Amino acid sequence: MSRDTGWLALTLTFDDVQDFTPMQTQVHTRFAGSGWALLLALIFLIPTVIPAFGGQRFNARLDTLAGQLVRQSRDAADRLERDYRRGFNNNRRDLQRLYQARMFVAGAELLAQMAREGRPEAELLEAVDFLRSQANFETGWSGLRSTLDDIGRELRFGGGGGNPGFDPGDGRQGGRRNNGDWQGGYTTGRMRWFGRVDDEIYIYVQDNTARTQLISGQPTLNERFTFTSPLPRQPLTVRVNRLRGRGRVEVFQQPSANNNFTAVIRIVDRGSGATDMEFEMSW
């Protein structure tokens, strides 16, 4: 190849890439132009090419929210630890709460690291769902739950890939609907519920609320629930997955125009005494 053509050639073999890796290999280049020009081109091109192979591009807002979650979780854990150290009659539950708080901090730090590394959206959403399930059991962690909801929304409708706010018409042919209900032609969302159940109850889920009706047994205690997004006001199929507790959880009635788009979940526990029950409803 002549120097007059202005082309440049780069020869790289597996044994030749030692200046770019910890294995102390060597890069051999053959230029028709300047070697420095190619080096500068590599420096500027590599950061833009790497995110295209798996993962997603860096999202500044997601990074900010993840950092906020880490700070909030550390503050919450520090408060619990101070209370624990001041107490003289701590019980097993107090120690369990302290351990859970410290584990939550570790999980939040891992989520922040995953966000910085541009891990795939599906992995980040799974991490958010896991952390949300842990945060549900502390009544004083509303700030943490709010930040997790913001992270989930940012992943789904902000910088987590796709075209935020894209509406393909009726929302059923792909893309994202403006209200976030439709993605890829089907709805996506989850509701997680926790409570202490005795015998039988119905749970009526509509929009972003969950109302309990006692059928038999003692009143339900310690009810808590969170939504990743409101239940859409349209016919769809919901599914339930029991995460904790004995007994049976089932969909008693699917949302439809006849019931004002309300999902009815039935929990039956015929065992002796009440049980802590947790389930996830998805659509």
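**Close-up views of a predicted model**

**View 1. Strand β6 and its partner strands.** Strand β7 (residues 209-216) and β6 run antiparallel, joined by seven bridges. This is a predicted model, in which local features need pLDDT of at least 70 and side-chain atom pairs count only at pLDDT 80 or more, while totals for chains, interfaces and linings use all residues. Residues are numbered from 1 along each chain as its sequence is written, and side-chain values use heavy atoms, leaving out hydrogens and water. Strands here are DSSP runs of E with at least two residues, helices are runs of H or I with at least four, and both are numbered from the N terminus; two strands pair if DSSP finds at least two bridges between them. β6 also pairs with strand β11 (residues 263-269), in the antiparallel sense and over seven bridges. Follow Val205 to both sides: Ala210 is its bridge partner in β7, and Ala263 stands opposite in β11.

View 2. Strand β6 (residues 199-206) is mostly covered, with six of its eight residues buried. Buried means under 20% relative accessible area, exposed over 50%, and partly exposed in between (1.4 Å probe, protein chains only).

**View 3. Two nonpolar cores.** A nonpolar core is a set of buried Ala, Val, Leu, Ile, Met, Phe, Trp, Tyr and Cys residues joined through side-chain atoms within 4.5 Å. The largest one has 28 residues, and those with the most contacts inside it include Leu69, Phe104 and Trp141. Helices α2 (60-86), α3 (92-116), α4 (121-135) and α5 (142-158) each supply at least two residues of this core, and the largest share, nine residues, comes from α3. Another core, of 19 residues, lies apart from it, with Trp193, Val197, Val205 and Met281 among them.

**View 4. Around Leu69.** Beyond its neighbours within four places in sequence, Leu69 is in contact (heavy atoms within 4.5 Å) with residues including Ala108, Leu131, Leu144 and Thr147.

View 5. Phe225 counts as partly exposed because its relative accessibility is 33%, whereas Phe227, at 11%, counts as buried.
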